[in-house]
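Work through the exercises below with the sequence and the model open. Try each task before you read its solution.

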Amino acid sequence: MIWAQDGNSAEREIRFNRDIRPILADRCFHCHGPDEADRQADLRLDQLDEQGHTAGILGGGNAETSELVQRIISTDPDVVMPPPDSHKKPLTPEEVDRFRAWIDQGAAYESFWAFNPIEKLALPSLDSEGEDWMLNPIDRFVWRQQERESVKPSPSADRRTLIRRLALDLTGLPPSPEEIDRFLSDGSSNSYEAIVDHYLGSSRYGEHMARYWLDLVRFADTNGIHHDHYRDLTPYRTWVIKSFNANLPYDQFVRDQVAGDLLDDPSNEQLTASGFNRLHMIIDRGTMLPEESLARNVIDRVTAVGTAFMGLTVGCAVCHDHKYDPITSKEFYQLYAFFNNLDATPETGGRSGTDFQRGLQPPYIELPSVEQRTQREDLEKQIASANVELQSLKKWFAANPQETPTKQKTQEAADTASDEPVEKGGTDSRQAIVAEREINAARQKELEAEIKSLTDRRNKLLREIPAAMVMKERSEKRPSHVMIRGAYDQLGEEVQRGTPAFLPPLQAAIPGEATRLDLARWLVSPEHPLTARVTVNRYWQQLFGVGLVKTSEDLGAQGEWPSHPDLLDFLAYEFIDSGWDVKRLMKLMVMSQTYRQRSEANPEQYAKDPENRLLARGSRYRLDAEVIRDQMLAVSGLLKESIGGKSVKPPQPDGLWQSVALPSSFPNRFVADEGDEIRRRSVYTFWKRGLPPPQMTILNAPAREECVARRERTNTPLQALLLMNEQQSLDAAKMLAVELCSRDSQDLIADLYERVTGRLPDESESRMLRLALTDFEAYYESNPELAAELMRSVEAKGIEAERLAAWTMLVNAVFNLDIAKTRS
């Protein structure tokens with residue numbers, strides 16, 4: 001593995017992976033990359049080809065004689081590369097100079113960095129100043145990079161900023177005033193580590209970590225596409241949350257999701273985890289042929305594995321060889337073969353029945369509580385007993401059919417009555433049968449009504465019993481083929497299960513009989529170059545706002561070069577060596593001096609490194625939608641905390657679902673939940689793919705129709721309007737206003753500011769907030785009817801509505817301050 005060297009000489013060295021490959025990937029690989037079918041002029045530029053064509057155009061170490069240089073600087077449209085009809089931008093003068101320097105330095109190719117083995121690296125040595133600054137190995141790599149760029153790190157943030165940063169990063173909720181006070185008053189040398197351990201040990205940690213994972217695996221509560229019917233996968237979400245809280249080793253976390261159903265005697269938890277393979281969108285019956293639906297579902301599974309675990313855009317090889325990464329279309333369908341054996345055909349859902357109402361599609365397992373199991377068994381026994389009696393009655397009716405009077409039988413009966421005496425026993429027998437028939441008919445009606453009632457009760461109970469959709473293999477392996485141009489009905493050669501050739505070979509437990517479990521173990525084998533790198537990069541992104549590789553969804557050729565490649569590999573190696581310990585990794589990162597820096601920077605620092613890629617200051621970014629909402633509920637005392645359970649529907653404007661849902665969609669009308677349920681953490685919010693919660697999407701939450709490794713962050717007026725007017729935002733502001741107005745405090749404004757932001761207001765901030773409060777008070781004193789309307793649903797004895805209304809608006813304003821919505 002080639003690494004940049006210490007010292008200034010590294011700055012003069014042009015590296016293929018860092019400096020040249022990104023340009024080639026953007027401008028050239030489409031025609032001169034891994035895709036052999038579309039490769040032009042038999043020239044491959046992503047690696048040195050065996051025929052020597054690549055070396056030939058480079059000019060033997062002399063840029064002046066290099067055909068490549070002549071091509072990229074030419075003004076002749078028939079000669080210049082990239083050609084005008086490719087619609088690629090021509091190279092800039094700086095990029096041309098970079099190619100010249102690289103060729104003059106020998107044009108050394110490198111194997112792609114992310115596909116190289118992860119090796120243990122020696123820690124960088126630092127000067128005395130660096131040794132004094134650093135706190136753990138992470139800081140050594142960061143200091144070395146800053147030193148190369150003549151940049152100095154920032155001082156540590158103050159303790160109020162640090163505890164808020166930690167609380168938000170590790171739990172997704174702000175610190176309480178009591179936690180802040182304890183941290184500020186703790187002068188011990190391990191006070192910072194103690195608060196880190198406190199948050200890592202909180203059950204809130206798992207809920208917060210799960211939120212990122214649910215984006216990544218596109219967890220939702222509906223099928224998506226067309227009818228967008230209800231689908232219940234909430235036991236999977238609960239499993240994810242509990243796994244993070246229990247610090248389940250990441251290799252087991254991956255294995256259980258990819259192939260938990262194939263383990264020996266799998267537990268319910270491992271079967272539930274295999275529901276990862278069922279999280280894709282499902283096309284409703286009648287919308288698409290079952291064969292096409294099956295193909296799309298399997299393609300989605302493979303794409304999710306590629307994104308979530310390998311950080312590769314494997315889906316680009318569905319129709320043809322990948323244009324940028326060395327993945328052939330055949331290799332994609334070899335991966336496809338692992339996931340093409342679900343024991344459910346067609347996997348297109350239904351439109352009626354108990355399973356449909358429960359949001360379930362076989363195969364699934366039920367997860368009743370002890371009480372629910374007892375109730376169900378009792379109901380089943382009663383239903384079975386009633387059915388036995390009903391079947392007995394039906395047999396009696398079959399053996400004793402009711403005679404239908406006819407003209408002949410009526411005449412015979414009359415003749416018998418006039419000519420011969422009737423035996424008393426025959427009359428009595430017929431009368432007894434008639435009487436018994438009446439009794440049995442009445443009992444049959446009773447039993448049918450009883451069975452219906454019991455069945456309704458059982459079905460109601462079933463709808464309340466949690467159940468987990470799982471993966472289950474067919475007994476006979478379904479054959480898989482290359483799909484020509486990705487068309488499900490244009491099958492090419494048959495393929496066997498396998499993995500891309502550029503990665504380490506898969507070791508099957510039974511040679512020649514590779515399974516999904518073998519694939520899962522391959523993904524987390526220490527030899528696999530991608531899984532650990534991808535994972536630590538995403539956790540770094542969670543804490544620092546941006547990954548060491550900015551394109552956390554793509555570590556392939558189209559992804560960005562790492563800002564700190566050595567640090568990324570150090571973390572990946574440590575992660576594997578620790579036994580894939582996620583909490584240990586998170587602690588290592590937050591304990592670093594790099595993490596603890598203050599986020600303020602002067603104009604010169606921002607100009608030199610606007611995106612903070614050198615990590616010379618703390619990260620600063622807007623909080624995600626869920627954290628903003630949960631923070632408001634938490635500081636107002638409204639947040640209801642409990643782990644797991646069904647998804648809940650907080651209020652949202654009327655009519656939104658009807659605008660996107662078909663009349664046959666289930667459900668097609670949004671009905672908000674009531675009571676404490678609507679105040680649960682946002683991770684439990686019902687996610688309709690056709691129209692996700694607007695409180696979330698306005699603040700850049702994804703629709704979860706596809707895997708999302710990083711969210712975009714925008715800043716729009718609509719976001720401010722949402723936070724000012726959304727019902728739960730106002731409810732939280734009202735409750736916090738009531739609490740503040742009920743207090744005996746000398747400085748309620750300081751109390752409010754600390755509760756929301758974690759810090760005390762300075763003199764300027766206090767003055768502005770007092771002026772705002774004065775204006776609100778004057779307004780509502782002049783408009784008492786508006787104050788009464790605003791506070792109509794609030795109980796606060798002894799406090800004037802006008803005062804409460806003014807404080808409500810002040811709280812609402814503080815909720816909307818940049819500092820309240822920003823992690824810094």
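**Exercise 1. List the residues that Asn537 touches, leaving out those up to four places away in sequence.**

Solution. 
- Step 1. Go through the partners: Asn537 touches Gly547, Leu548, Val549, Ser552, Leu555 and Leu568.
- Step 2. Asn537 sits in helix 23, residues 531-544. Helices are DSSP runs of H or I with at least four residues, strands are runs of E with at least two, and both are numbered from the N terminus.
- Step 3. Look at one partner again. A polar atom of the Asn537 side chain lies 2.7 Å from the backbone nitrogen of Val549.

This is a predicted model: local features need pLDDT of at least 70, side-chain atom pairs count only at pLDDT 80 or more, and totals for chains, interfaces and linings use all residues. Residues are numbered from 1 along each chain as its sequence is written, and side-chain values use heavy atoms, with hydrogens and water left out.

**Exercise 2. Is Asn537 buried or exposed? Then classify Glu380.**

Solution. 
- Step 1. Recall the cut-offs: buried is under 20% relative accessible area, exposed is over 50%, and partly exposed is in between (1.4 Å probe, protein chains only).
- Step 2. Asn537 has 0% relative accessibility, so Asn537 is buried.
- Step 3. Glu380 has a relative accessible area of 28%, so Glu380 is partly exposed.
- Step 4. Locate Glu380: it belongs to helix 19, residues 370-399.
- Step 5. Compare sequence and space. Glu380 and Thr455 are 75 residues apart in sequence, yet their C-alpha atoms are 8.4 Å apart.

**Exercise 3. Describe the largest nonpolar core.**

Solution. 
- Step 1. Define it: a nonpolar core is a set of buried Ala, Val, Leu, Ile, Met, Phe, Trp, Tyr and Cys residues joined through side-chain atoms within 4.5 Å.
- Step 2. Count: the largest core has 117 residues. Trp213, Tyr236, Tyr250, Phe309, Leu571 and Met586 have the most contacts inside it.
- Step 3. Find the main source: helix 16 (residues 290-310) gives the largest share, 9 residues.
- Step 4. Zoom in on Phe309. Beyond its neighbours within four places in sequence, its contacts include Trp213, Tyr250, Leu523 and Val534.
- Step 5. Look elsewhere: another core, of 49 residues, lies apart from this one and includes Ala733 and Phe815.

**Exercise 4. How many helices and strands does the chain have?**

Solution. 
- Step 1. The chain has 36 helices and 6 strands.

Technical notes. Contact means heavy atoms within 4.5 Å. A polar contact is a pair of N or O atoms within 3.5 Å; within protein, one must be able to donate a hydrogen and the other to accept it, and residues adjacent in sequence count only if both atoms are side-chain atoms.
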